[in-house]
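Let's walk through this one together, starting with the overall fold and ending where two of its parts meet. Have the model open as you read.

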Amino acid sequence: MEDEKLSGELTRWAASHGAKIKGIAAHKFPGKGLGVIAERRLEAGETILEIPTSLIRTEFSLPKRIKKAITTGDLHDGSVNGLLALELAQDNSKAYALWRSTLPSLTDTKESMPLFWPTSLQDLLPPPALALLRKQQSKLHRDWTAVSGLYPNLTLEAYTHAWLLISTRTFYYTPPGQAAEDTPIADECLAIVPFGDYFNHSSSSSTSSPSSTTLKVNYSPTGYEFTTDAEVPAGAELFISYGSHTNDFLLVEYGFILPAAENAHDAVALDAVVLPLLSAEQKKALERENYLGNYVLNNHQEGEDEGGSESEVVCYRTTVALRLLCMPTRKWRRGLASGFDDQDGFPGEVTVLLGNALSSYIEMAETSLTMISQLDNGSASQRDMMTRRWDQILAQLMTVSHRIKL
Ligand SMILES: C[S@@+](CC[C@H](N)C(=O)[O-])C[C@H]1O[C@@H](n2cnc3c(N)ncnc32)[C@H](O)[C@@H]1O
């Protein structure tokens, strides 16, 4: 269907199911699939989309046959993501046919989502992305084990496609009236919000970046509401925030990365080069004080904040771990409790250790980039995405490494 016609049909379809759509439309954006565009100038504080509860799909609106399999225990091990995927993979209802026809195809999903990539390419993902992929693989495996025996006609490929469609486009949801203590973990609080799921992600707020408009999303017992927090010119794309995510997270969970300058939440994880420096004893000491792992360089752009200090980029956890490497544990504990003495000569040693850790990470990034360039596996766009991510990491490592040597 041609773009404008599809856009009109989607608006009419959602409106006929109770959605209120004001001044916006679904629109194709190069490299992003569908997104949402302002059709006219929008005022600050305008509610431009309301999706009623009757249109959303959750574990509570699953069809009877799936609910029955849950109550008889046949599907007891499936996650909510897995159950919604099962419904989507088997759905041929007329009511949702138009919305279903707009979902990314199997081919597009295979292209963008690392879960579908060849193992040789997956193995070259940056360490935090690879760790996320391993978790995703085991969640999918658990869900597939729960459903595969019951639905012999369902293929793993079709199920994985539906499973990823659900995980990339659901919103946080808890049923009205649910007590806080009964609220399950966030992973289990999911709703498909048709039309609301056309918004692409931005990591910047409308105030920090007026060219990118990030909406406020609110949900209540009546449904989901999307509201502008700044004036929007006609023709601008409207975004929501999927959360404060690094590019490694966006790559594995959503199949895209943002340019480094557009992702204030990006970070380079240093665990892969800091943890191997620590002895078993030192790891225990760090664990006891809740400082084991999660060492990062925060996103810092070249030219930005020239006067900024190293401590704004290198997280405090990293310096705590590196300090332990250059002082007796007892002294380190005292420093943790009452503050480290920056005049004691240790910051210099910490900087040397940090410089060495960054150098080994730079080597790892360069080796990964060479290996990706020599790979025959995977498609050119998959290799390009990985190359772009490693390039971002390398640039960040080089900037910080250069700064600490000054
Ligand atoms: C909730 S859907 C958004 C609508 C989607 N673009 C579509 O065509 O249906 C999430 C998916 O959109 C894409 N996406 C979202 N934000 C993006 C962005 N800023 N840049 C590129 N792709 C993006 C990714 O493929 C992601 O998995």
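Predicted model: local features only at pLDDT ≥ 70, side-chain atom pairs only at ≥ 80, totals over all residues.

As for what the chain is built from, the protein has 16 helices and 13 strands. Its radius of gyration comes out at 24 Å, close to the 22 Å that the globule rule gives for 406 residues, so the protein is as compact as a globular protein of that length. Of the 406 residues, 34% are buried.

Now for the domains. The protein splits into domain 1, made of 3–56 plus 193–261, domain 2, covering 59–190, and domain 3, covering 266–405.

Let's look at domain 2 and domain 3 as a pair. Their centres, taken over C-alpha atoms, are 34 Å apart. Where they touch, domain 2 puts in 10 residues and domain 3 puts in 17 residues. Which elements give two or more residues to the domain 2 side of this contact? Those are α6 (119–122) and α7 (127–148). And what does that side of domain 2 consist of, by class? There are 8 nonpolar residues, along with 1 polar and 1 charged.

Technical notes. Residues numbered from 1 in each chain as written. Helix = DSSP H or I, 4+ residues; strand = E, 2+ residues; numbered from the N terminus. Rg over C-alpha atoms; globule rule 2.2 N^0.38 Å. Buried ≥ 20, exposed ≤ 12 C-beta atoms within 10 Å, placed from the backbone. Domains from an automatic or database assignment. Contact = placed C-beta atoms within 7 Å. Nonpolar A, V, L, I, M, F, W, Y, C, P; charged D, E, K, R; others polar.
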